[in-house]
Amino acid sequence: MDVFEAIETRQSIRKFKSDDVSDKTILQFLDMARKAPSAENSQPWEFIIIRDSEIRNRIIETLETAVKDETLKKFVTEFLAPMVSKAVGFQVPAEALIKGAGYYPLHNAPVLIAVCMKDPRPVIKSFGEEYDKYKDLTFIWFVLSIGAAIENILLSAVSKGLATCWTSSAMFAEEKVKKILEIPEDVRLLSIIALGYPNRIPSKISKKPLKEIVYLDNYLKVHPSFLR
Ligand SMILES: Cc1cc2nc3c(=O)[nH]c(=O)nc-3n(C[C@H](O)[C@H](O)[C@H](O)COP(=O)(O)O)c2cc1C
């Protein structure tokens with residue numbers, strides 16, 4: 001499978017078979033992750049392979065409690081649900097998003113991979129206030145780098161017939177989940193990837209066409225390929 005086919009085939013899968021995935025295979029994917037580009041070659045990523053069902057259950061229970069938060073409900077109802085509905089072209093009820101859609105993939109995947117990032121901001125802060133303006137910039141660079149590493153995992157997995165779902169709902173209770181995983185204070189937990197063999201493959205979700213997202217030379221100029 002070449003990279004184009006892997007990109008075309010990949011989709012978020014939320015139901016997995018119980019078949020195990022070997023450590024050798026997982027490490028192969030993580031080996032691809034560490035080869036991703038990163039800002040200043042910072043390689044800010046670290047990974048925790050989660051196989052222990054008790055740890056998994058504690059994470060899920062923590063998230064179940066976290067989504068009961070009233071502010072979160074308001075945020076999902078007023079911001080996330082309308083945004084998701086617009087992107088997919090049909091009405092997605094806020095309750096569906098709140099009721100576990102976010103962490104649902106974590107339930108049945110045989111393997112979870114927690115993706116951690118060393119937060120650069122405390123170190124920058126220690127250099128003094130004059131560098132303060134670079135704090136957010138560096139943070140964004142690091143997060144972008146993490147995204148590249150995660151995509152390498154997803155594409156490697158699909159090329160080997162495995163399925164994934166990239167989730168970041170653990171961030172709703174990041175501190176609590178970090179405690180479960182013994183992640184130190186200066187390390188962020190940005191995502192948990194659900195990994196396994198696909199059980200149910202849903203129809204592909206729609207994506208915006210190129211003509212809606214590509215401009216030429218400036219943001220106001222439609223690319224001539226899309227002028228009719
Ligand atoms: C940063 C990020 C966070 C995501 N968090 C979740 C999540 O918490 N739960 C979930 O089920 N899917 C999550 N997804 C998957 C998206 O919902 C999915 O990628 C999107 O709907 C497009 O579908 P596709 O992956 O099948 O193309 C996340 C994806 C990204 C990139």
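Where is Leu 154 found?

A: Leu 154 sits in helix H8, which covers residues 133-159; helices here are DSSP runs of H or I with at least four residues, strands are E runs of at least two, and both are numbered from the N terminus. Please keep in mind that this is a predicted model, in which local features need pLDDT of at least 70, side-chain atom pairs count only at pLDDT 80 or more, and totals for chains, interfaces and linings use all residues. Residue numbers start from 1 along each chain, following its sequence as written.

Let's begin with Leu 154 itself. Leu 154 counts as buried because it has 24 C-beta neighbours inside 10 Å. The label works like this: 20 or more other C-beta atoms within 10 Å of a residue's own make it buried, 12 or fewer make it exposed, and anything in between is partly exposed, with C-beta atoms placed from the backbone. Leaving out residues up to four places away in sequence, Leu 154 touches Arg 10, Thr 164 and Trp 166, where contact means that the C-beta atoms, placed from the backbone, lie within 7 Å. Val 92 is 62 residues from Leu 154 in sequence, and their C-alpha atoms are 25 Å apart.

Now for Asn 152, also in helix H8. Asn 152 is partly exposed, because 19 C-beta neighbours lie inside 10 Å. Its contacts beyond four places in sequence are Met 32, Ala 33, Lys 35 and Ala 36. Ala 36 is 116 residues away from Asn 152 along the chain, yet their C-alpha atoms are separated by 6.9 Å.

Helix H2 (residues 23-33) packs on H8 at an angle of about 140 degrees, with the two axes 8 Å apart; axes are lines fitted to C-alpha atoms, for helices over the stretch in contact, and angles between N-to-C directions run from 0 to 180 degrees. H2 is therefore oblique to H8, since under 35 degrees is roughly parallel, over 145 roughly antiparallel, 65 to 115 roughly perpendicular, and the rest oblique. From H2, the contact is made by Gln 28, Phe 29, Leu 30, Met 32 and Ala 33, and from H8 by Ala 149, Asn 152, Ile 153, Ser 156 and Ala 157. These contact residues divide into seven nonpolar, three polar and no charged; Ala, Val, Leu, Ile, Met, Phe, Trp, Tyr, Cys and Pro count as nonpolar, Asp, Glu, Lys and Arg as charged, and the others, including Gly, as polar.

On H2, the buried residues are Phe 29, Leu 30 and Ala 33. Viewed down the H2 axis they fall within an arc of 100 degrees, so they line one face of the helix; the arc is taken over the directions from the helix axis to the C-beta atoms. Their cover includes strand E1 (45-50) as well as H8. Lys 24, Leu 27 and Asp 31 are exposed on the other side of H2.

Finally, Lys 135 also lies in H8. Lys 135 counts as partly exposed because it has 17 C-beta neighbours inside 10 Å. Not counting residues up to four places away in sequence, Lys 135 touches Arg 121, Ile 124 and Lys 125. Arg 121 is 14 residues from Lys 135 in sequence, with 5.4 Å between their C-alpha atoms.

How values were computed. Contact = placed C-beta atoms within 7 Å.
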